[in-house]
Amino acid sequence: MVRALISATRTGWARAAMIVGGLALAGVAVAMAQEPAPAAGVQKVRFGGDRAETRIVIDLDRAASGKLVADGALDRRVVIGLPNVTVAGDLQGAGQGLVERWAIDEAAGGARLRLDLKANAQVRRRFLLPPGDGAAAYRYVIDLKAVEGPPTVQTAALAPTTISVPVRPSGLRLKKVIVIDAGHGGKDPGSSGANTAEKDVTLAAAKTLKARLEKSGRYTVVMTRQSDTFVPLEARVQVARRADADLFISLHADSGPDAGTRGASVYTLSEKGTGRVARVLEKDDWLMKANLPGRDRAVSQILLDLSQRATKNRSAAFAETLLQSVGEETVLLRRSHRDAGFIVLLAPDVPAVLLEMGFITNVDDEQLLKTAAGRGRLMDAVAGSIDSYFTAQTQLAAR
């Protein structure tokens, strides 16, 4: 049987011809045609936030991607191309928060969004949300954050270490910020093995991971604790949020009554846990301000829901990448990706996972965790998963 495949150009019709040889079908040709994907249409544009952080939501009737054309560093004008997106005439209006005015007009091959800014700001993230949870439209989301020179990160009142985060001339950070949380500490020893306390192995593993990430030169690493000290759970979340972290990973060691149970697992935030987000937000937080009396409750809910959904999606994506890497170095539990309402996972805008590195009550897992060589192999796997996750995120954002 001989087959010939002819692919069409982007603007033409796709045509494929298959020539099938056989007793009854010899010489019969079958032609197939397919139209290009329909363009997405803009339904409306919404804003939320304030002069510190602003979110723009574009409602679309189909999925679409965007491309950052200008970041606003030179003239306070952000331009985002929206290929294969149609707009009924020119849409424009007054902005909110960091945005003075906005406009969407037609451009070659699609549409173009222009945001005139009131102050210096950076495009912190862009992503597409599909319909769901009562929302009928696709939503292309753009988050802006005010910039006043290189930001300074205050980790927490309990750990007053100031960390300068390098930025590009355009206002975009040179390095991703990773917060590593060594579970337990101080008066809270965690679980105990035959000869090991959980608080000790988590701190040792955290230091190993920190060294591995910093050696790559790609990351700024913040630790919730660097010694045998007690840090409240809510404070650990605030470390990540004040650091404007791109990823939060909490390291723990599991335990159980059966010494034969072993294996690593990863937790991400459960649906029930999302309702407790206010517990870790400060009173002056922009998400809290959005829920004050007198504010548009619909906008407030959009802000919080979008933040939580997008963060949960990213957390889940990293969890799968993490399990794949860790599974090459140690045994995984049968149900290795779990969800729970742990406080350290509650930040609504920071992707977060809790890694149970193994059962400290199992002799094999304990041996892996208490030796420098075993921790080194495990943390190399964790670091590799972080590399893979951000590589994939970069490729997705560039589409």
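This is a predicted model: local features need pLDDT of at least 70, side-chain atom pairs count only at pLDDT 80 or more; totals for chains, interfaces and linings use all residues.
Helices (H or I, at least four residues) and strands (E, at least two) are, in this talk, DSSP runs numbered from the N terminus. Residues are numbered from 1 along each chain as its sequence is written, and side-chain values use heavy atoms, with hydrogens and water left out.

I begin with the chain as a whole. It has six helices and 21 strands. Of its 399 residues, 47% are buried; buried means under 20% relative accessible area, exposed means over 50%, and partly exposed lies in between, with a 1.4 Å probe and protein chains only. Contact means heavy atoms within 4.5 Å. Among contacts between residues at least 6 apart in sequence, 66% join residues at least 24 apart.

Let me turn to the sheets. Two strands are said to pair if DSSP finds at least two bridges between them.

How many bridges join strand 4 and strand 5? Strand 4 (residues 40–49) and strand 5 (residues 53–60) are antiparallel and share seven bridges. The two strands form a hairpin, with three residues between them. Opposite Arg46 we find Val57 of strand 5, and opposite Gly48 we find Arg55 of strand 5. Strand 5 also pairs with strand 13 (residues 138–146), again in the antiparallel sense, over eight bridges. There, Ile56 has Ile142 of strand 13 as its bridge partner.

Is strand 5 mostly covered or mostly open? Strand 5 is mostly covered, with eight of its eight residues buried. On one side these are Glu53, Arg55, Val57 and Asp59, and on the other Thr54, Ile56, Ile58 and Leu60, which leaves both faces covered.

A second open sheet of five strands runs in the order 6-7-11-10-9 with antiparallel pairing. Its edge strands, strand 6 and strand 9 (91–94), each pair on one side only. From one strand to the next the twist averages 15 degrees, where axes are lines fitted to C-alpha atoms, for helices over the stretch in contact, and angles run from 0 to 180 degrees between N-to-C directions.

Strand 6 and strand 7 (residues 77–83) are antiparallel partners over four bridges, and Lys67 has Gly81 of strand 7 as its bridge partner. Leu68 is also in strand 6 (residues 67–71). Leu68 counts as partly exposed because its relative accessibility is 27%. Leaving out residues up to four places away in sequence, Leu68 touches Val78, Val79, Ile80, Val123 and Arg126. Val123 is 55 residues from Leu68 in sequence, yet the two C-alpha atoms are 8.9 Å apart.

For comparison, consider Ser336, which lies in strand 20 (residues 332–340). Why does Ser336 count as buried? Ser336 does so because its relative accessibility is 14%. Beyond its neighbours within four places in sequence, Ser336 is in contact with Ala264, Ser265, Val266 and Leu323.

Just after helix 1, Gly217 takes a positive phi of about 80 degrees.

In helix 5 (residues 363–370), the buried residues are Asp365, Glu366, Leu368 and Leu369. They cover an arc of only 160 degrees around the axis, which puts them on the same side of helix 5; the arc is that of the directions from the helix axis to the C-beta atoms. Thank you for your attention.
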